[in-house]
Amino acid sequence: MTIKIYNTLGRRKEELCPRKKGEISMYVCGLTVYNYMHIGNARTFINFDLIRRYLEFRGFNVVFVRNITDVDDKIIKRAAEEKTTPKAIAEKYEEAFKRDNKNLGIKEPTHEPRATETIPEMIGLVEKLIAAGLAYEVDGNVWFRVRDFKNYGQLSGRSLDDMRAGERVEPDPGKEDPMDFALWKRSKEGEPFWDSPWGDGRPGWHIECSAMSLKLLGAGFDIHGGAQDLIFPHHENEIAQSDGATGKRFVQYWMHGGLLKIDKEKMSKSLGNVMLVGDLVKQWSPNAVRMFMLSTHYRNPLDFTREGLVQGQANVERLERTIQSLDFALGLNLPVSQSKTLKLKEAANEARVRFILAMDDDFNSAEALAAIFGLIRETNSIIEGAEELPDDEALNKSRQILLEVTEALGLKCEPEANWLAIEVSLREVAARTIGTIPSGTSREGILGMLLSRREKARDNKEWEISDKIRDNLLEIGIEIEDTSAGPRWKLIKAQ
Ligand SMILES: [Zn+2]
């Protein structure tokens, strides 16, 4: 089975053939640290965290680079607004960025270079471009000469004439062509600067990513990612600079994540609907956010709504309750049913195959979740309240596959922690209703004692006691239903 990736360069799905067997080299544009991370950024970083985790699940060693853009026009502007230095701004928002990533359950990159630590490499690239005739210096500014780079526009699919007509470009008297872009900028009074062959100055934004990715991954690395709004000009310019300076193909697969809207509107400062990750994670768990975001394919636009998050949270709870139900069933000594054993094993194997097929097809997380919830439905219908159960091997298989595939999506299901909470409550209920429980009694043992005490109470028409046991269990998330075949249990959301 092979993995297919939609390559923006060429606009089609291609088979993933890594440069080095068993290893994927991957670069994702990080944040320009002049502000807090908003949920649009969060979607991009969650998407690429998903892609990285899945590639690791498929056995690849993934070298994942995500940079910090810590010198840029926006940082300088923000420093002036906050009456501080660009360095202080970059440090403050870098720290916040790292905290937000952690709170979203995003894995740390293998390398996280800062632009300001890569200045010599940037100067080296600019020198190569000047030597190749692809760049020129005017008054301490160095510009990239776009008309001399063959295939400029290959990624965005635009011609230079379209670009000239459609783009707002910064006018500068030194430019040969309005589309030429800055590789190196002469520093103005009070701006950060570095010594260079063209005088004191600072790098342009695009050259930063070329230098950091080439330094850590080398030309021809596998995947370069970012949001769709980076295709032009940022990534187009990265290709021009990197191919131009090295003479080699820069990147094999260009991947771009879809944008996020809020209640069908664009998220923007002017609309006043920008939502920050810091506020989001106060209200919602990283699992709920991720479950919601992964219900849409990474390339499609995502409409961010409260209902979507509520649904995400409900789905996380369904998953966790199913794992708990499996744990619970594993502890019950009920008769084994061969047909149920076979059915559950088949459902588990089929779900895993469907999951991999979906994710191999350009990381279709929505389809992958459908496979997972198919198994959840099947598992619950087989085990809930049953008098006969599948054997332990089948129960364990369903449990293990559910945990394995959800972890590959970056969902942290912690059934054991939840069980511990239920177990503590269960002991309290038992102590209140039937008195002291011998130490060392398992949770299943305690529940068994509670159920038989309730049966006895019912036989003796002590309705108050039997109702109390039922109600107390319901409060901690165990529902008892009386049937002609005896009491049946079901784990539900605690009240
Ligand atoms: Zn970048």
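**Cavity and zinc site**

Modeller: Let's start with the cavity: α1 gives the largest share of the lining of the largest cavity, four residues. Bear in mind that this is a predicted model.

Colleague: How many cavities of 30 Å³ or more are there?

Modeller: The count is one cavity, and the largest cavity has a volume of about 40 Å³.

Colleague: OK, which residues line the largest cavity?

Modeller: The lining is made up of V28, F45, F48, D49, R52, F64, R66, I106 and K107. Two elements, α1 and β4 (61-66), each give two or more residues to that lining.

Colleague: And what does the lining look like by class?

Modeller: Five lining residues are nonpolar and four are charged, with no polar ones.

Colleague: Switching to the metal. What coordinates the zinc ion?

Modeller: C29 and C209 coordinate the zinc ion through SG, and H234 through NE2, at 2.1 Å. Along the sequence, the donors follow the spacing C-x179-C-x24-H.

Colleague: Where do C29 and H234 sit?

Modeller: C29 is in the loop between β3 (23-28) and α1 (39-57), while H234 belongs to helix α7 (residues 231-246), so the pair ties together parts that are 205 residues apart in sequence.

Key: Residues are numbered from 1 along each chain as its sequence is written. This is a predicted model: local features need pLDDT of at least 70, side-chain atom pairs count only at pLDDT 80 or more; totals for chains, interfaces and linings use all residues. Side-chain values use heavy atoms; hydrogens and water are left out. Donors are N, O and S atoms within 2.8 Å of the metal (3.2 Å for Na, K and Ca); water is not among the atoms, so sites may look incomplete. On a 1 Å grid over the protein atoms alone, a cavity is a set of points where a 1.4 Å probe fits but cannot get out, and a pocket is an open set with protein on both sides within 12 Å along at least five of seven lines; lining residues have an atom within 4 Å of a point. Grid points are joined across faces, edges and corners, and a volume is the space filled by probe spheres set on the points. Ala, Val, Leu, Ile, Met, Phe, Trp, Tyr, Cys and Pro count as nonpolar, Asp, Glu, Lys and Arg as charged, and the others, Gly among them, as polar.
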